[in-house]
Structures are given as structure tokens and as C-alpha cells.
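Subject: Structure for your review

Dear colleague,

I am handing over the structure we spoke about, together with some notes on what was found in it. Please read the notes with the structure open beside them.

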Amino acid sequence: MKKFIYNCLNKFSKFVSPALLATVLAAIISGILLFVPPIHGLADNGDFYRSILSNGIYRLPTSYSQYSDFVITKFGIMQYFNENNVSVLSSQTIFIQIALLLNKLFYSRTIFDIRFMGLVYYLFYLGGIYLLTNAFVRPYRKVKSYVMGLLIVFIFADSAYTLYFNSFFAEPGMFILMLYLCASIISLARNIYSRRWPMTFLFFISTILLITNKQQNAPLALSFGVVAIGIMFLPHFRARRMATALGIVLVLMSGVGIYKSIGSEIVGANTFQTFSHGTLLETSDPTKKIERGGVDGQFALMRNENYYSKNYATLDPGSKYVKKHLMDKTGFAWIVRYYAGNLKQFNNLLDVAAKDVTAVQPRAVGNFVRNSGHKPGEQVKYFTVYSSLMGAFFPGKYAFDCLLAIGFIAVYSVGFYLDIKAKRYMGILRFFLIFGLMTVVVFVPIVSIVGDGDADLAKHLFLVPVSLNMSLLMFISDLINHTLWNTEGDEVSE
Amino acid sequence: MNKGIKFSLVMSLMLILFSLFNFSRTINAATNHNRVLLVYDSQNDVKNDKKNIDALQRSLTSMDLRVKTVSQADYKKGTLDKKYLGVITMINWRQVGLINREFINDRDKFSGIKLHIGENLTQTEINQLGIKVQKVYQQQFILKKDSNREQLPFSQSITVITQQANGASQVGTLSTQQTDQRSYPFGYINGKQGYLPFFTNKGLSLIVQTQMIAQLFDRVGKFQPLLTITNVTLYTNLRTLDELSKFCYKMGIPFAISTTSVSKNTEMKAFDRFTAVLRNIENRGGIIFLQTPEVSSGVDTAGQLLNQKFLTYIVSLARQQVFPVGISSAGFWNQDKVLRNNSLKYADHWLLMQDGTKVTYVNQDNDAQIAKQSFFAMPAASLNDVKKSDSTTFTIPTALTINMPYSQKELEHVESEIKNLPLNWYNPVEDGFSSEINTETTSLKYNHGDYLVNGKLEDIQNTNLDLNKQFSDGKPNSLFKDYFKVQGNILAVFFVIIMIILLIFIFIGQKVYWNRFKR
């Protein structure tokens, strides 16, 4: 009997690699969620217009509100000249244009179905899952390799992530590109493929696309620049080291470029919300505090106001008056000085951010389509075990995140040190990847709070949980493969 | 006994008759005594004639006329009937003019009051007005009324009256600037027919126009202007506002302010300060109009959000003894069902201001309603060229507005501006201003300077006039604050000592350990 099971497993492992298993499982789990009617996705929180209008897609007129409550499946495709110039520069456009092309080929030239958007992301996503699992387990096909594959599915096929695919948010692109980015570095580190240039190329492409995916990603150019340093340590690579350096420069330039493309309108909105959703929060009565900073204390009454007010505003934040008496005074330097003088408040805000790290599935918008028998704004519970667990048990303290980062970096710096001495590269690449991911974990909350307060915080922090989960997976895979500090083992496979 | 029965019979009969008469009169009033239909050809956005339509609508509201506004394209046959007291035709774009035949037919048949504004008079209208007209091109006119003169902007073309009917009256005169100085009537009234060559939203022209319209509709009154400080918000420089109200008080000038409020964060010190300054204003004889917020989007289709906001505004202000006497808003709020019903409707006194650059409707119905009294707001500066004296009055309730200054310099400028207005201002206390705001939860009344909240007379606390003191930190000093502070310090010192001892032990221990191997 035992032998029979062993034989079966043996045969199974011959035909189905861990990566294939993970991909098929992810395909089934997320495929049901995204494509089996009634489909699921994310409703519009009012941000969709930024990405759809410049791509020639518009909302079809309806008698009901298309915001927040239900997922809207059908959009219109503009037939004539699109006068909306590209309002926001983003690599998201690439994904949307592919979806548009497929939609026009197979469905309609006038109506856009959100499922084509989902399909594009779905295909890229499955590729990412395959590459990632491969990077973690190859060349082994042991039981522990399959466990690793299942773990990847458990974490990264969570509906909290895949729900984003059926939406016009930029986050799914970020998620998928992050999969490719990490998969390429880990593949290089573990010498999965005989040739290095495809993975190096993949890394730079996905990094640049990731940074240019959303303007808030501009500071991440530094984090991923750090990750790219690891590639410089690859052996027999002298000729291509220049190319790598060029790649790093490109990554940094893409960060600067996307930063420069931020329009004055968005700068105004961010300046205002940093104030109303940041400096005025997590403190009893900010009136006196801001007055000490030289701003009229009356502006404390703007607490929790949005720049784009949803219904009525006492005073339009976009008005000249607010600009002159508030926003011209509260620039970046003012914010930094304010928080430096109110460290406790800043720490509280960072804790708010830390609590939002696990809120991957946005709570403000519904996941179901209209007439599917669900309440407006209802959330999907299907395959959200991991994100729910994280939400329930992950400590919402910024200090904990920092400790975790220090821990990860400390653990991987041992491998880094050993490899530098032994002139190997696996530990070095891994270290720089972990280091880069941890800078995301530590600095993105700070940048978000300083840059836009707690407005849209959970979405601004989207890459933090992805980075944490990726590091966790790497840690577990190194434990399973016994390669945490012993990096010799892998070189055997070369 | 017999006499008594007879007397009571006669009395009751008289009562019944009187009430019947009264009843029929009220019905009449509801049906056609105050309803006016305004039909315009186009809004002519290039020239921004929307502003003129808005000014006309507001002035009619101030005359207690309920104006229903229709674009000629939306006019349906038979709309204009007996339920209307009058009809106003407004031509903004002469190249388009009136093309809706059904309206023209209905108007020709209509027997009520008719006013034509602008060019493109039809032959029927000319006959009914009993005039002869002439088109004059490329002219710059001077408008004269009594001893006032105003130079009008250059006009491409204008239709002037060259011959009037017997018994007609005119309001104001237009004269050319050439040497021969020809002059024509400006506002022209012949019985129930009226004609205005144009309508603008400022200056002497606006005053003459409203006078003419009031005359045509028999609504001429005598009103002293109300000095109103507008654009007051919670983010205004409160010191300046306090100074300004003190200035008016010392000069003996009664005034009003139009201010917005917030529905959130009312527990903050910033809100306390704001209401403290408003209380000072009340104590200095100023009255407060609660201004409507800005409409950012039309999502509030049921008006619940706005309704909730207004209830909170009024309750949170009243809690701080700030009692608005009326509601102020941009004119378009009265043209929108949701906006009007959830804000203006609470008050019986309105102050309607010019539409700003941003006009967002929630549910536009263009069916303006009226209040007990609506002030027509116009910038005081727009009357700079009009002669004023302490006997100047306006034909409709008018608020002359001055923008809230910010800096000391601006304040001084505004103070001298007010000083230089030789007007006899409307005084809410002496002139018997009496108003009400009623919401589901609160009833605020103002009567001759007295404030009543839910029927109870309120004595407004005189707030500390020393603003410096008011703006002080005023942190409550808790009993244990110092204790905790000392305790914290002691603990910190304690831990530092323990750390040092620990470090010493580690150092000694390490030495002892190494010594074992050293030998």
C-alpha cells in the first residue's frame, strides 16, 4: 500500500512539476472568481476615470450610481477622436490597450467588457506564478517542493489580490510585475536557467514598468535600484556589467520621469490631503499645534476634508484662498518640520499605516455585480483565508514592521557576508532583494503619510504586504531547502 | 334676548362672508398673483448671459414674484396661461432670437403683464406697446436717471423707442454721446406692457431695470440697504472680522454677515473661537446669515446629506449661542429643487447672491420659490458711480455686499469704504426685522434684536472681548499631570542606573570568563 502511494506520487511528480501544479491551482481558483458568472471584481471608488478616459473608454449612462456599490461590467469604447489627453502617464496603459485589442477582436468594437481586462491580468499573473514557483523549487520535485508551490498559491492566489484584476485600478499591474521582478532575481540567484540574460532583461523590464505604473511608485526607484546592485555581482559578467549599470540608471531615470510627470493638480491635492488627512489626525485638538507652525489655527477645521469633496464643501480646497493662506505655507519642508516637532503624532500615524498594511482587499468598494443577489458594497469571502488571517493576527504596529525588516536583513546579511568571503553570489543577490523589499516595507508608509496623509492609505501601501509576503516565502523556501546560510548547496545544480 | 340672537346672527354671517372673501383672495394669490414665466432664447455662454438671467431671477424673487424659467426650446404649447401674472421674454442672442412659434402665439394671446427684454421685438409686440422703434448700430450710450449718469459699454446694436404711446411712462433715459445728443426712453411701460432694451447685472442699469420691472408688476417698495459682509468662513482671519464688527459698532452702522459653517470638527478650539467672534457680532447688533456650502457634485439626489448638514450647522451654532436669522446662497440654489428644499426652505429670510463661476445643480427645476423677504445682494462697489445720500432707497430689499478683508491693510481699506458710503443703512433692531428658522429639531426666532430659541428668550453671553485671552492655549491643567511627569523621570533614571550596573557586570563577567582560559 505504502509502495503504491509512493509509486503514484512518483508518477505524479514525473508529469506535474510543482510550478505547473501551482499554476493550475491558481488558474482554477482565480478563474472561478473572475470569470464564472456572476463575476467578481472591484467597484469604482471614483478613480477609474483616470485610467479609462485617456484610453478611450467611458462609462455608459445608467439610471443608478456606478460608484462603490457594485462592480460595473460594461463600458463604452469611444468611437471618435478622444479629446482627453493622457491625464496620467502610466504603464497601466499597456495592459488596458491589450485588453482593448482582445475585446475588439473577440467581443465588440463599441462595448468594453471588464472581463477582458481581467483576462489580460490573469494570463500575465499565471505566468508570474509559474516563474516564481519555478524559481523557488527547481530543480527539485520533492514533497517539500510541492508544499512550497501550495504555499505560493495559498498566499498569492488569495482573492484579495486577484479581485483587483476585474477593475481599472493600477494595483494588479503592480502585483504582477512584482511577481516577475522577484522571480527573475531568485532565478538568477539560484541559477535556475543556464542563460542569465533573459532573466536580467525580465528584471529590468518589469522594474521599469512597475515604477512607471503609478506616480506614487517614483520613490521605489531607489529600492529597486538597490535590488539591481545584486546583479552586478554575478560572475563571468564583466562585459555585461556595463549593461546592468545602464539598466540601473534607466530604473532611476524612470523614477525621476514619473515623478516629474505628476501634474500641478495632483500636487495640490496631495499637499492639501497631507495636511487634512495627516497633520490634523491622531491628535486631540490640532488648532494650537498648526498655529505654532505658522498656519492659521482655523484650518484645523479642515480635518478629514478631501481635496475633491464628494458632495458639499464649506470652502473649496482648490480655491485661491486656501492656496494662498494654507497650501503655500504647508509645503514638503513644513510637513517634515511639523512631524519632527510632533514625533508622537507621527508615530501614531505610522501605526495607522501599519494597521492598513494587511487591508489588501479594499473595504470601501463592493465585489459583486448588480442583480447577483448581494448587498451593495458586499465583500467576497471566497479564498481569502490568508489575507483574513493576516488581517486578524499581523500586529498593526509600525515598530513591529521595522523590527521584522531588521530581522530579515540581519538573517540574510549572514549569507551575504559568507558569500562575499567565498566569492559566491547567491547570498548576495538574495540579500539585495531582501534589502530592497525591506526598504519598501519601512519607507513606503513614511512616504505615504508625508505625501498624502491617510487618504487612500491602504492602496498606497499595496506593495508593502506584497513585499512582506515575498520575503516570507523566500525565508520559508530557504528553510526548506536548507539554504538560509549555507549557499553552497545550490551551486551543485549548475 | 331677541336682540342678542339677531346680533350674533349678523356677526356670524359677516364672519362667514369675510372668511369667504379672504379665502378666495388667498387662492387668487396662490394661483396668479405672484407667478411669472421667464422665457429666454439662449444663455449665450460666450457673453456669459447666464449671469443676467440669474440677476433677473433674483430681483423677481426679491419682489416676491415666483419665477418659472424656461428656455424657448423647452417651451410647451399652453404653458403660458391664466395662472401666470405675467410673462417676460428675454433675448440674449439676437442672431438666434425667438424661434418657438408656439410660445409667440401663446404670448400674443396672453392678457397678463408682458415684458420684453432685448432686441427682436415682433410686430405684435410693437403694436401692443404702441411704439415706433429704430435699430441703432455701433453706439455708446449714457443712461440717465434723476441726477445719475452711467456710461454704458459700447453696443453693437440696440433697439430704441422713437415714438411713445399716449399715457405711457418711462424709467430712465438713454442718450447718445454725439453733438446732437439724441435721447430715448430706457425702461418703457404702457399699461400692462413693458420694454427694456437690455438687462445687465450691475451698476445704475441694474437699479433702473429693477425699478422699472417693479413698477410694471406693481411691486415698488422703499427699502434701505442692508450692509452685508460676505465670504465669511471659518477660515477667515477672525481678528480682522472682530475688528471690523467693532468698527461698525463704534460707527453705529448696523450690519449683517454671510458665513458658512462646518458639520464636523465642531468640538475643536478653532470652532469655539469662530463662534466666539460671531457672538461678539450678535452683541454688536450684527445679524448672521448662514451661507450654503459649495456644491462639489450632484450625487446627493435625495438631499439627505444636505439636510443632515444643515441640521448639524444650526444645532452646533445654536449650542454656542450663534443664531442665524436667515440663509444666504448663490442664486442658483433657488432654481434647484433639492438644494432649495433642504436649505433655503428652513428660513423665511433669504439673501441671494450672484452665481459664482462654479454652478453645480443637483436637481434643477428652474421653479424659484419666494420667502417672506429675500434680499437682493449686489456688491457695494458696483454703485461707486451712482450718487448716494442718506435718503437713498431701493425698490426691492437690497443687500450691499463687501468682501471679507484678510489683512490689516485690507481691513483699513474696507473701513474707509464703509465710511465713505453716505447711506442710511437698514437697521434690523429699529426697523423691526423679524425672522424665523425652523428645522425638525430647532426653532430660532429673531425679533427686534431679541433671539428666541424654541420659544425661549436667549441672553447671549458677552464673550471676552480680549481676543488675545480668548486665543490663549487654555489647556486644562490636570491634578496628576505633574505627578506622572515626575514619575516618568524617576523611572527613566532608575532604568539608566540598572543599565549601567548591567553593563559593568557584563564587563566583569567577560573578564572572569577569559581569565579561565588564560593561564
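Leaving aside its neighbours within four places in sequence, which residues is Leu400(B) in contact with? Before the answer, please keep in mind that this is a predicted model. The residues in contact with Leu400(B) are Pro225(B), Leu226(B), Leu227(B), Thr228(B), Met378(B), Ala380(B), Leu383(B), Phe394(B), Leu423(B) and Trp425(B). Leu400(B) itself is found in strand E19 of chain B, which runs over residues 398-403, and with a relative accessible area of 0% Leu400(B) is buried. Arg279(B), by contrast with that list, is 121 residues from Leu400(B) in sequence, and the two C-alpha atoms are 22 Å apart in space.

The contact between the two chains

The contact between the chains takes 36 residues from chain B and 26 residues from chain A, and chain B and chain A bury about 2700 Å² between them, with 51% of that area on carbon and sulfur atoms. Between chain B and chain A the count is 18 residue pairs in polar contact, both residues being at pLDDT 80 or more. On the side of chain B that touches chain A, the elements giving two or more residues are helix H7 (269-283), strand E15 (294-295) and helix H8 (304-319) of chain B, and H7(B) supplies the largest share of that side, 5 residues. Sorted by class, the side of chain B that touches chain A has 18 nonpolar, 9 polar and 9 charged residues.

Strand E15(B) also pairs across the contact, for E15(B) and strand E4 of chain A (residues 312-313) run in the antiparallel sense over 2 bridges. Within E15(B), Val295(B) is the bridge partner of Tyr312(A).

There are 2 salt bridges between chain B and chain A. In a salt bridge between the chains, Glu267(B) meets Arg303(A), and the closest N and O atoms of the pair are 3.3 Å apart.

Side chains of opposite charge can pair when their charged atoms come close.

Asp113(A) forms a salt bridge with Lys74(A) at 2.9 Å, N to O. Asp113(A) lies in strand E3 (residues 111-113) of chain A and Lys74(A) in strand E2 (residues 74-77) of chain A, so this pair ties together parts that are 39 residues apart in sequence. The side chain of Asp113(A) also meets that of Arg115(A) in a salt bridge, at 3.1 Å, N to O. Asp113(A) is buried, at a relative accessible area of 3%, whereas Lys74(A) counts as partly exposed at 28% and Arg115(A) is partly exposed at 30%.

Lys397(A) and Asp351(A) form a further salt bridge, their closest N and O atoms being 3.6 Å apart. This pair links distant parts of the chain, with Lys397(A) in the loop between helix H17 (385-393) and helix H18 (398-422) of chain A, and Asp351(A) in helix H16 (residues 343-356) of chain A, 46 residues apart. Here Lys397(A) is partly exposed, with a relative accessible area of 46%, while Asp351(A), at 10%, counts as buried.

Lastly, Asp47(A), Arg50(A) and Lys459(A) are linked in a network of salt bridges.

With best regards

Terms used
Residues numbered from 1 in each chain as written. Chains lettered and ligands numbered in written order. Predicted model: local features only at pLDDT ≥ 70, side-chain atom pairs only at ≥ 80, totals over all residues. Heavy atoms only, no water. Contact = heavy atoms within 4.5 Å. Buried area = accessible area lost by both parts, 1.4 Å probe. Salt bridge = Lys/Arg side-chain N within 4 Å of Asp/Glu carboxyl O. Polar contact = N/O pair within 3.5 Å; in protein donor to acceptor, adjacent residues only side chain to side chain. Helix = DSSP H or I, 4+ residues; strand = E, 2+ residues; numbered from the N terminus. Nonpolar A, V, L, I, M, F, W, Y, C, P; charged D, E, K, R; others polar. Pairing = 2+ DSSP bridges. Buried < 20%, exposed > 50% of the residue type's maximum accessible area, 1.4 Å probe, protein only.
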